[in-house]
Amino acid sequence: MSGSDSGIYSAIERLGRFIVKHESDLLDLSSKPETEIKDEISRRVEEFSTRSEQVHGPVKPQTNDQSRIGPEASRLRSLLGSLTKLEYSEACKAILQFLADIYEFDSLVWLERRGDALVATTSFGRLEEKTVRISIPVENERLEAAIKAKRCVKLRQRNDFRSPGSPTRLSLFPVTVGSEIRGAFAVAGNKINGEVENELVRFAKGIGPQLEILRLRDEVSRRDWVAKGVKRFVESLKQIDKDDFLTHVMQISAELLQAQRASLLLRGEKSDDLYATASIGAATDLKSLGSVGSRIAVHALEQGDPVVVSDIRKEGIALAPSEWRYRSNSFISFPILIGDRRLAVMNFTDRAGGDSFGERDLELLQTIAPQIAVAIDRTTLKDRAGEFEQLSVTDPLTGLLNRRYLDERLQEEMNRARRHRAPITLMMIDVDHFKSYNDSFGHAAGDLALKMLAGAMKDTLRADDVAARFGGEEFAILLPRTSPDEAATIAERIRSRIEHTHFPYRRVTISLGLAGYSTEFESPKDWIDAADLALYEAKELGRNGVQIYELLGKSFRDKIN
């Protein structure tokens with residue numbers, strides 16, 4: 001993925017075509033092809049239209065004055081009945097087709113709620129030949145006012161961004177479930193009179209509950225697929241040959257995404273250039289090319305955001321050299337980050353069957369990325385350490401990360417937590433009565449017990465949890481995106497696993513202390529001290545238990561003093 005970056009900059013220059021009065025609303029229509037509606041959707045819509053004509057007779061709207069020709073209740077019921085047989089994305093397309101048939105609209109857009117914004121996901125009619133970029137915050141006064149008044153939201157294109165043949169206005173109708181906005185459809189170009197606007201408002205409200213059922217069904221299916229993929233990834237990592245670690249990571253990742261080609265690009269030590277350190281299925285030896293990834297990968301890493309392209313030919317980006325012999329035009333460039341550090345980029349292309357990469361593939365990568373980041377970080381740090389053993393980030397006895405790595409990671413996670421306010425919890429673990437175990441059975445037996453403890457922890461933790469040997473018989477685990485209450489469930493699972501593990505000489509138990517990140521903590525040491533306070537409380541209460549720092553009462557300074 002090397003070559004000129006002129007294409008990507010020209011693509012950037014074409015963004016931002018539509019601007020509305022409120023700067024928080026973004027609408028952009030540029031001349032770009034989109035995928036066609038699937039034959040299955042067209043067939044279902046045709047069947048629906050045929051059934052409607054058999055019951056009600058043909059409906060021909062008057063395009064000039066748009067007299068009232070809205071869907072009657074029976075037609076709406078028929079549409080909702082047909083939607084139950086479709087996936088969520090297909091149902092959204094079917095709705096746009098339905099509106100186009102009833103009202104003779106020639107340009108429509110479907111918007112889906114992504115986080116706190118409505119984002120364009122599907123277009124119809126004249127807009128199928130354009131890239132549609134719309135992002136509107138859900139917490140928007142205009143949207144709220146429109147829902148309350150049972151009206152649509154009018155967006156207009158700024159004069160200096162107009163292009164010949166492009167729509168100059170867009171009427172947006174929020175789709176709600178109860179009082180919550182779950183999506184929207186928008187009509188571009190057509191003037192909509194008051195009567196038709198009222199019908200479309202009622203239509204948007206009527207389809208909301210059915211679409212929500214389809215969306216939740218699709219989400220459950222997607223989460224199940226991601227969970228199975230993550231389980232496969234974690235299980236496969238246990239079998240990796242240490243001498244070729246990163247190549248195996250890419251092989252496993254490529255198999256999960258059904259990508260026949262994949263590459264891992266690392267940033268150079270003395271420059272910002274990217275160099276291939278592992279590749280799967282490449283027609284060219286990427287390692288021999290020197291700097292690569294200047295077309296796309298380097299931009300993904302700089303921005304810190306993944307790039308997912310369905311068809312590179314439609315994006316104005318220069319194609320790869322012909323001798324690379326790519327068989328598909330869809331790819332993913334996924335940056336690997338730890339805090340503010342940009343470590344690497346994973347590239348995937350040539351998907352089996354010729355299908356395009358999409359949201360589901362991106363979600364899987366986002367789930368396993370923290371584990372990959374730790375693997376890459378550990379490997380690159382060990383490479384840099386060379387003969388200097390003190391720079392190793394892996395504890396030689398247990399195979400866990402060591403305290404040096406944890407100290408650096410804690411500072412990065414504190415910085416991230418301050419910026420994003422995402423929950424994260426630190427768990428401190430101490431082996432109960434370990435000194436007497438060593439004294440009674442010898443240090444070799446103690447070392448074996450620590451190895452068994454570390455293995456049990458790794459088998460119990462999730463993919464993106466970070467386990468480290470803190471020192472002696474004490475361990476630490478960092479739990480990203482996890483509140484103290486959620487972490488307590490994980491801690492109890494670890495405690496029970498250790499308690500029921502058969503050790504050679506006698507039963508071994510552990511005590512655990514948890515502390516979620518707090519703005520009271522000025523340094524990683526404060527965070528560690530807080531978790532240690534909870535750990536001390538667990539020991540005071542008889543050991544073999546879990547305590548949460550937040551439940552101890554008083555402020556941090558009071559507890560420390």
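**Helices, strands and rings**

Analyst: In this predicted model, helix H11 (residues 434-441) packs against helix H12 (residues 443-460) at an angle of about 135 degrees, and their axes are 6 Å apart.

User: Which term describes how H11 and H12 stand to each other?

Analyst: The angle between H11 and H12 is about 135 degrees. Angles over 145 degrees would count as roughly antiparallel, and 65 to 115 degrees as roughly perpendicular. The two helices H11 and H12 are therefore oblique.

User: How do the residues of the contact of H11 with H12 divide into nonpolar, polar and charged?

Analyst: From H11, the contact involves Phe434, Tyr437, Asn438 and Phe441. These meet His443, Ala445, Gly446, Ala449 and Leu450 in H12. By class, the residues of this contact are six nonpolar, three polar and no charged.

User: Which residues of H14 make the contact with H10?

Analyst: On the side of H10, the contact is made by Asp407, Leu410, Gln411 and Met414. The residues of the contact divide into five nonpolar, one polar and one charged. Those contributed by H14 are Pro524, Trp527 and Ile528.

User: Are the residues of strand E15 buried or exposed?

Analyst: Strand E15 (residues 424-431) sends Ile424, Leu426, Met428 and Asp430 one way and Thr425, Met427, Ile429 and Val431 the other way. A residue is buried when its relative accessible area is under 20%. Of the eight residues of E15, eight are buried.

User: In E18, which residue is the bridge partner of Thr425?

Analyst: E15 pairs with strand E17 (residues 474-480) in the antiparallel sense over seven bridges, and Ile429 stands opposite Phe475 in E17. Seven bridges also join E15 to E18, and these two strands run antiparallel. In E18, the bridge partner of Thr425 is Gly516.

User: Why is one side of strand E11 and of strand E12 left without a neighbour in the sheet?

Analyst: An open sheet is formed by six strands in the order E11-E10-E9-E14-E13-E12, with antiparallel pairing. Strand E11 (291-292) and strand E12 (307-309) stand at the edges, so one side of each has no neighbour in the sheet, and each has a single partner strand.

User: How many residues apart are Phe98 and Phe203?

Analyst: The structure holds ten aromatic pairs. One of them is Phe98 with Phe203, which is stacked, at 5.5 Å centre to centre and 15 degrees between the planes. Phe98 lies in helix H4 (residues 88-103) and Phe203 in helix H6 (residues 194-237), so that the pair links distant parts of the chain, 105 residues apart.

User: Is the aromatic pair of Phe521 and Tyr549 stacked or tilted?

Analyst: The centres of Phe521 and Tyr549 are 6.1 Å apart, with 50 degrees between the planes. Planes under 30 degrees apart count as stacked and over 60 as edge-to-face. The pair of Phe521 and Tyr549 is tilted.

User: Which residues are linked into a cluster by ring pairs?

Analyst: Phe98 and Phe203 are both buried. Ring pairs link these two into a cluster whose members are Phe98, Phe173, Phe185 and Phe203.

Notes:
Residues are numbered from 1 along each chain as its sequence is written. This is a predicted model: local features need pLDDT of at least 70, side-chain atom pairs count only at pLDDT 80 or more; totals for chains, interfaces and linings use all residues. Side-chain values use heavy atoms; hydrogens and water are left out. Two strands pair if DSSP finds at least two bridges between them. Helices (H or I, at least four residues) and strands (E, at least two) are DSSP runs, numbered from the N terminus. Rings of Phe, Tyr and Trp (its six-membered ring) pair if their centres lie within 6.5 Å; planes under 30 degrees apart count as stacked, over 60 as edge-to-face and the rest as tilted. Buried means under 20% relative accessible area, exposed over 50%, partly exposed in between (1.4 Å probe, protein chains only). Axes are lines fitted to C-alpha atoms, for helices over the stretch in contact, and angles run from 0 to 180 degrees between N-to-C directions. Angles under 35 degrees count as roughly parallel, over 145 as roughly antiparallel, 65 to 115 as roughly perpendicular and the rest as oblique. Contact means heavy atoms within 4.5 Å. Ala, Val, Leu, Ile, Met, Phe, Trp, Tyr, Cys and Pro count as nonpolar, Asp, Glu, Lys and Arg as charged, and the others, Gly among them, as polar.
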